[in-house]
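Hi there,

Here is the structure I promised to pass on. Have a look at it first, and then read my notes below.

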Amino acid sequence: MIALYIIGGILAFFAIILLSNLRLSVECENNMVVKIGYMFLNFTVYPKKEKSKKVSKKKKTDNNIKKQSSISSMIKSEGISGTITYLIDIAKAFLQRLGEVASHLKIKKAFIVIGVSGEDAADTAIKCGALNAIVYPFLALVATKTKLNNPDVAIFPVYDGEGYIRLHIKLKLRLIHLVSAGIKILMQIIKINIKKRIKNDKNFKDGAL
């Protein structure tokens with residue numbers, strides 16, 4: 001009887017682990033922050049925490065300014081369109097890596113605000129239209145591959161000031177779906193190896209005859 005309770009407890013423990021969600025949070029304003037969470041654990045993946053060193057207050061302030069302005073610097077050098085294209089390419093690569101697992105991915109929050117500026121009013125309007133043509137088709141693609149509900153998206157012209165990007169994305173994926181995908185891949189590899197072995201054995205027998 002005690003053994004049954006122990007086995008039941010172990011099974012329940014593994015069920016909780018497999019059915020728990022992996023969490024991914026991406027925030028972007030001046031700087032991009034990427035966090036991963038699982039159950040009660042939370043980790044900051046980007047930017048990586050620097051090892052504690054004794055530095056002057058001025059150097060520490062300069063480093064903080066550099067960290068906080070990474071996206072702003074990219075916007076200045078690449079422009080809003082270039083920065084958005086870069087972020088979309090990263091998102092596409094992420095979805096491609098997930099493969100079939102992406103269909104189980106829940107996007108709990110998709111808050112995207114893009115302020116577009118140009119050299120003049122006409123240039124701003126053209127760039128704003130071009131970004132609409134990039135962002136919304138991408139979101140439609142994401143909706144076909146994942147579980148995306150009611151994204152909060154706003155793209156508008158900024159006639160007086162600099163362009164900017166603000167986004168906050170929250171994703172959830174149950175660990176069991178990753179494990180299941182891993183098992184499927186492993187089974188495919190085993191089947192390929194078995195077929196290869198059978199073929200080699202057949203060729204060897206035919207050659208011997």
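Let me begin with a term: rings of Phe, Tyr and Trp (its six-membered ring) count as a pair if their centres lie within 6.5 Å, and the pair is stacked when the planes are under 30 degrees apart, edge-to-face when they are over 60, and tilted for the rest. By that rule, the structure holds 1 aromatic pair. It is edge-to-face, because the ring centres of Phe156 and Tyr164 are 6.2 Å apart and their planes stand at 70 degrees. Phe156 is partly exposed, at a relative accessible area of 30%, and Tyr164 is partly exposed too, at 24%. Here, buried means under 20% relative accessible area, exposed means over 50%, and partly exposed is in between (1.4 Å probe, protein chains only).

A word on where this comes from. Please keep in mind that this is a predicted model, in which local features need pLDDT of at least 70 and side-chain atom pairs count only at pLDDT 80 or more, while totals for chains, interfaces and linings use all residues. Residues are numbered from 1 along each chain as its sequence is written, and side-chain values use heavy atoms, with hydrogens and water left out.

Now the overall layout. The chain has 5 helices and 7 strands; these are DSSP runs numbered from the N terminus, with helices (H or I) of at least four residues and strands (E) of at least two. Along the sequence, the pattern reads α-β-β-β-α-α-β-α-β-β-β-α. Of the chain's 209 residues, 24% count as buried.

Next, the charged side chains. Side chains of opposite charge can pair when their charged atoms come close. A salt bridge is called when a side-chain nitrogen of Lys or Arg is within 4 Å of a carboxyl oxygen of Asp or Glu, and the structure holds 1 of these. The partners are Lys127 and Asp123, whose closest N and O atoms are 3.3 Å apart. Both belong to helix H4 (residues 121-145), and because they are 4 residues apart there, about one helical turn separates them. Lys127 is partly exposed, at 33% relative accessibility.

Accessible areas come from the Shrake-Rupley method with a 1.4 Å probe, and for residues only the protein chains shown count as cover. For charge, Lys and Arg are positive and Asp and Glu negative, with His and the chain ends not counted; the place of a charge is NZ of Lys, CZ of Arg, CG of Asp or CD of Glu.

- A patch of positive charge brings together Lys106, Lys108, Lys147 and Arg174. Among them, Lys147 sits in strand E5 (residues 147-148) and is partly exposed, at 41% relative accessibility.
- A nonpolar patch is formed by Val179, Ile183, Leu186, Met187, Ile190, Ile194 and Ile198, which together have about 620 Å² of accessible area. One of them, Ile198, lies in helix H5 (residues 175-208) and counts as exposed at 54% relative accessibility.

Most residues other than glycine have a negative phi. Met39, in the loop between strand E2 (32-38) and strand E3 (41-46), has a positive phi near 55 degrees. Met39 is partly exposed, at 35%. Asn150, in the loop between E5 and strand E6 (152-157), also has a positive phi, of about 45 degrees, and is exposed at 74%.

Finally, some C-alpha distances between parts of the chain. Ser20 and Met39 are 19 residues apart along the chain, with 6.6 Å between their C-alpha atoms. Ser20 is in the loop between helix H1 (2-19) and strand E1 (21-28) and is buried, at 14%. Ile112, in strand E4 (residues 106-116), is buried at 13%; 9.4 Å separates its C-alpha atom from that of Cys28, 84 residues away along the chain. Lys172, in strand E7 (residues 164-174), is partly exposed at 30%, and its C-alpha is 9.0 Å from that of Ser25, 147 residues away in sequence.

Definitions and conventions: Patches are made of residues with over 30% relative accessible area and no salt bridge: like charges are joined within 9 Å, nonpolar side chains (Val, Leu, Ile, Met, Phe, Trp, Tyr) within 5 Å.
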